Every structure is written in structure tokens, then in C-alpha cells.
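Hi everyone, thanks for making time for this. I'd like to walk you through one model, so let me put it on the screen.

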Amino acid sequence: MKIIKKIAIILLVAFVIAQFFGPEKNEGDITSVNTFLEETNPPANVKKILVESCYDCHSNVTKYPWYNTITPVNFWLADHVKDGKKHLNFSDWSAYSLKKKEHKMDELYEEVEKGEMPLDSYTWTHTEANLSPEQIEELVAWGKSVQAKYQQQLNAN
């Protein structure tokens, strides 16, 4: 029993020390998404969906929940955000080529339409990010219209 007690104390001490270390936070300026918003011009209802369901993982602006202060949860969240931004980052929209923008819009509405986005692991703790069938329809329709605009521009070139 003494060994189990010593292991438990060591693990507890390690856990407490780990709380002083954490990953860098993704807390940029919300204006970093302005280029995306100006260029794609989402209606107010779609913009609300993007803010509540997409920006935390797909922009340089993450609103962190209280449990982000707990190591190792904060590392898991940081990895989620890093992976999300690797696939699509609204804050970097101005750096994307026209072809990439067209492709990203295609991926955006397809992932939402298939129910793959937002992730279940995100909506469990962010219930406001759960999309109703109507919201999915609105987002998909908007995404298709933006993609069509980019396709038109590509065909004109």
C-alpha cells in the first residue's frame, strides 16, 4: 500500500507542476477575419454561425473555455486549433489564391452538409455551435454561392 501512496503523491505533484506550463494561446485580433467577411459577404445569420461554430478552430481568434487552464487539456485544445487552422484559416484568407479560396469554400459547405463540421467534440461543450437543419441549409447555400463566384472568376481568367 505504501508504494501506491508514493506513486499517487508523485503523480499529484507532477500534475500540479504541469499546471505552470501550457501551449501558446491562439488569441489574435478579431479584425483578422475582416478580409474573409468583406470578400464573402455572409448574411447576418451565416456570420453568426461562423462566429459560434467555426472561428474558434478556423481563425486566429479563439475564445477559450474555463477548462483550457488545465494541463493537459490545454495541449489537446491547442492541437485541435492547430489542426483546424491547417485545413482552413479565415484569418489568412487574403493569402489564399483564388483557386484555393474556391476549393476551401467547396470543402466548407461539404463538411457541414455531411455533418462532419463542427466536430462532435466541440459541440459537446459548445452547445451554441450545434447546427439546426435550417442553419446547415443556410450555410451550405451561402457557401455554394460564394464558391460559384470564385469559379466564375477562375473561368474568366
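Let's start with H6 and H8, and with how they run relative to each other. This is a predicted model, so please keep that in mind throughout. Helix H6 covers residues 98-113 and helix H8 covers residues 133-156. Their axes are 9 Å apart and the packing angle is about 160 degrees. Angles over 145 degrees count as roughly antiparallel, and H6 and H8 are therefore roughly antiparallel to each other. The crossing, where H6 passes H8, is left-handed.

Who touches whom here? On the H6 side, the contact residues include Leu-98, Met-105, Leu-108, Tyr-109 and Val-112, along with Lys-99, Glu-102 and Asp-106. On the H8 side, they include Ile-136, Leu-139, Val-140, Trp-142, Val-146, Tyr-150 and Leu-154, with Lys-144 and Gln-147 among them as well. Sorted by class, the residues in the contact of H6 with H8 come out as twelve nonpolar, four polar and six charged.

H8 has another partner to show you, and that is H3. How do H3 and H8 cross? Their axes come within 10 Å, at an angle of roughly 105 degrees. That makes H3 roughly perpendicular to H8. From H3, the contact uses Asn-45, Val-46, Ile-49 and Leu-50, and from H8 it uses Gln-135, Glu-138, Leu-139 and Trp-142. In this contact of H3 with H8, five residues are nonpolar, two are polar and one is charged.

Now for the pocket. The largest pocket has a volume of about 650 Å³, and 34 residues line it. Which residues lie nearest its centre? Those are Cys-57, His-58, Gly-84, Met-117 and Leu-119. Helices H3 (44-53), H4 (55-58), H5 (73-87), H6 and H7 (120-123) each give two or more residues to the lining. H5 provides the largest share, with seven residues. By class, the lining holds 19 nonpolar, nine polar and six charged residues.

Pro-72 sits in the loop between H4 and H5. Another cis peptide bond joins Met-117 to Pro-118, with omega at about -10 degrees, and Pro-118 belongs to the loop between H6 and H7.

Finally, have a look at Asn-41, in the loop between helix H2 (34-40) and H3. What is its phi? The phi of Asn-41 is near 45 degrees, a positive value in a residue other than glycine.

Conventions:
Residues are numbered from 1 along each chain as its sequence is written. This is a predicted model: local features need pLDDT of at least 70, side-chain atom pairs count only at pLDDT 80 or more; totals for chains, interfaces and linings use all residues. Side-chain values use heavy atoms; hydrogens and water are left out. Axes are lines fitted to C-alpha atoms, for helices over the stretch in contact, and angles run from 0 to 180 degrees between N-to-C directions. Helices (H or I, at least four residues) and strands (E, at least two) are DSSP runs, numbered from the N terminus. Angles under 35 degrees count as roughly parallel, over 145 as roughly antiparallel, 65 to 115 as roughly perpendicular and the rest as oblique. A crossing is left-handed if the near helix is turned anticlockwise from the far one by less than a right angle, and right-handed if clockwise. Contact means heavy atoms within 4.5 Å. Ala, Val, Leu, Ile, Met, Phe, Trp, Tyr, Cys and Pro count as nonpolar, Asp, Glu, Lys and Arg as charged, and the others, Gly among them, as polar. On a 1 Å grid over the protein atoms alone, a cavity is a set of points where a 1.4 Å probe fits but cannot get out, and a pocket is an open set with protein on both sides within 12 Å along at least five of seven lines; lining residues have an atom within 4 Å of a point. Grid points are joined across faces, edges and corners, and a volume is the space filled by probe spheres set on the points.
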